[in-house]
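Take a look at the sequence and the 3D structure below. This report then walks through them step by step.

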Amino acid sequence: MPITLTLPRPDDWHLHLRDGAMLRAVVGDSAARFARAGVMPNLVPPVTTVGKAAAYRERILAALPPGTGFQPLMILYLTEDTPVAEIHRAAETPWVLGVKLYPAGATTHSSAGVRDLDRCQAVLEAMAEHGVPLLVHGEVTDPEVDVFDREAVFIDRTLAPLRQRLPELKIVLEHVTTAEGIAFVRSQEKNTAATITPQHILMNRNALFQGGLRPHHYCLPVLKREHHRRAVLEAAVSGDPRFFLGTDSAPHPRSAKESACGCAGIYSAHAALELYAEAFEDAGALDRLADFAARFGADFYGLPHNTGTVTLVKEPHPIPESIPVGDESIVPLRAGSETSWRLKV
Ligand code: DOR
Ligand code: ZN
């Protein structure tokens, strides 16, 4: 009998589902594993209002395979023009998870993001007052700053001052990738957490150059040195409730990745829980996976734990070379290789 691992049904607190044919191709992978997900708003045009989020939520629900109870929790895209009234609407809408700060130009579809955070002060104050969390893409866009240092510099220049200015604002440092990011979260007394992706605990930056240039390992924040990977893994398995699961699964068509100027984003939803199980098992911490995947995030957001379970089986599971999307395809993480756990269906 193979070893099995049964977990309370987990949540993915950072997910890109896209729209249209791409949405229909990917949403089943998340729904098979997770009860809920925080859905990122970087569509074109971005999901800046509760009204737009309501329409997008309906499209997601319509794209779900029949019989799944998957709940998309919507995230609004912060701009310098977001009115305070939108925060009031967000606070009254139970399926709105929070508001996302993209520094303009930091990543995929972030051009409508924020150039000067001071222009959002009234909105941030309203968020603090009404308990609407701020989800942060924590990288500076200053071209003078080395791409591998952008998270650490963002913490010094933007996040630490913001944290001091608004101690009541709930802040999530999304996809934390550095020892500095981990130390920052740990040093805060309250209202501060971070999500952790599978790629940043399974791979270091060598994975970008393994025998040649590997566009399917390119995401933002970019993979970091080994000592950062270890710091992030150590936080994930530590049992500290401020660190929880957020895949940042970010599908792009193969042609947009295998290009002279390839897009950032790694598709991991097809094997997300299995990949975290590998990392936790390697660290001797499989017993900590349930809290990381199914409890700590809900506790931070003040949401109930899920009912029901998912089971993983310790068996090699092949990952396809690609996943079809209309005339295009997605190259998933581990394409053509395998995971050491599989989802029991
Ligand atoms: O790698 C990434 N891909 N990082 C992001 O911040 C955005 C995401 C995407 O939307 O493709
Ligand atoms: Zn993301």
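**The whole chain**

This is a predicted model. The chain has eleven helices and 15 strands. Its radius of gyration is 19 Å, close to the 20 Å that the globule rule gives for 345 residues, so the chain is as compact as a globular protein of that length. Along the principal axes, the C-alpha atoms fill a box of roughly 55 × 45 × 40 Å. Of the 345 residues, 57% are buried. Now take the contacts with a separation of 6 or more: residues 24 or more positions apart account for 72% of them.

**Two helix pairs**

Two packed helices are described by the angle between their axes and the distance between the axes. The table gives both values for two pairs.

| Helix pair | Angle | Axis distance |
|---|---|---|
| α1 (residues 20-33) and α2 (residues 50-63) | about 65 degrees | 9 Å |
| α6 (residues 179-187) and α8 | roughly 30 degrees | within 8 Å |

Start with α1 and α2, whose crossing is right-handed. Helix α1 brings L23, R24 and V27 to the contact, and helix α2 brings R59, I60 and A63. By class, four of these residues are nonpolar and two are charged, with no polar ones.

Now turn to α6 and α8. On the α6 side, the contact uses A179, E180, I182 and R186; on the α8 side, H227, H228, A231, V232, E234 and A235. This contact has five nonpolar, two polar and three charged residues.

**The zinc site**

Which residues hold the zinc ion (ligand 2) as protein donors? They are H14 and H16, each through NE2, and D248 through OD, lying 2.0 Å from the ion. Along the chain, these donors follow the spacing H-x1-H-x231-D. Both histidines, H14 and H16, are buried.

Is V237 buried or exposed? It counts as buried because its relative accessibility is 11%, and the cut-off for buried is under 20%. V237 is part of helix α8, which spans residues 226-237. Leaving out residues up to four places away in sequence, V237 touches F280, A283, A285 and R288.

Next comes the loop between α9 (254-257) and α10 (272-282), where S268 lies. S268 counts as buried, since its relative accessibility is 0%. Its contacts, leaving aside neighbours within four places in sequence, are P198, T247, S249, L275 and L333.

E258 also lies in the loop between α9 and α10. How exposed is E258, and what is its relative accessible area? E258 is partly exposed, with a value of 40%. Not counting residues up to four places away in sequence, E258 touches P215, H216 and V331. E258 and A294 are 36 residues apart along the chain, and 34 Å separates their C-alpha atoms.

**Back to the loop**

Methods. Residues numbered from 1 in each chain as written. Chains lettered and ligands numbered in written order. Predicted model: local features only at pLDDT ≥ 70, side-chain atom pairs only at ≥ 80, totals over all residues. Heavy atoms only, no water. Axes fitted to C-alpha atoms, helices over the stretch in contact; angles between N-to-C directions. Helix = DSSP H or I, 4+ residues; strand = E, 2+ residues; numbered from the N terminus. Left-handed = near helix turned anticlockwise from the far one by under 90°. Contact = heavy atoms within 4.5 Å. Nonpolar A, V, L, I, M, F, W, Y, C, P; charged D, E, K, R; others polar. Buried < 20%, exposed > 50% of the residue type's maximum accessible area, 1.4 Å probe, protein only. Donors = N, O, S within 2.8 Å, 3.2 Å for Na, K, Ca; no water. Rg over C-alpha atoms; globule rule 2.2 N^0.38 Å.
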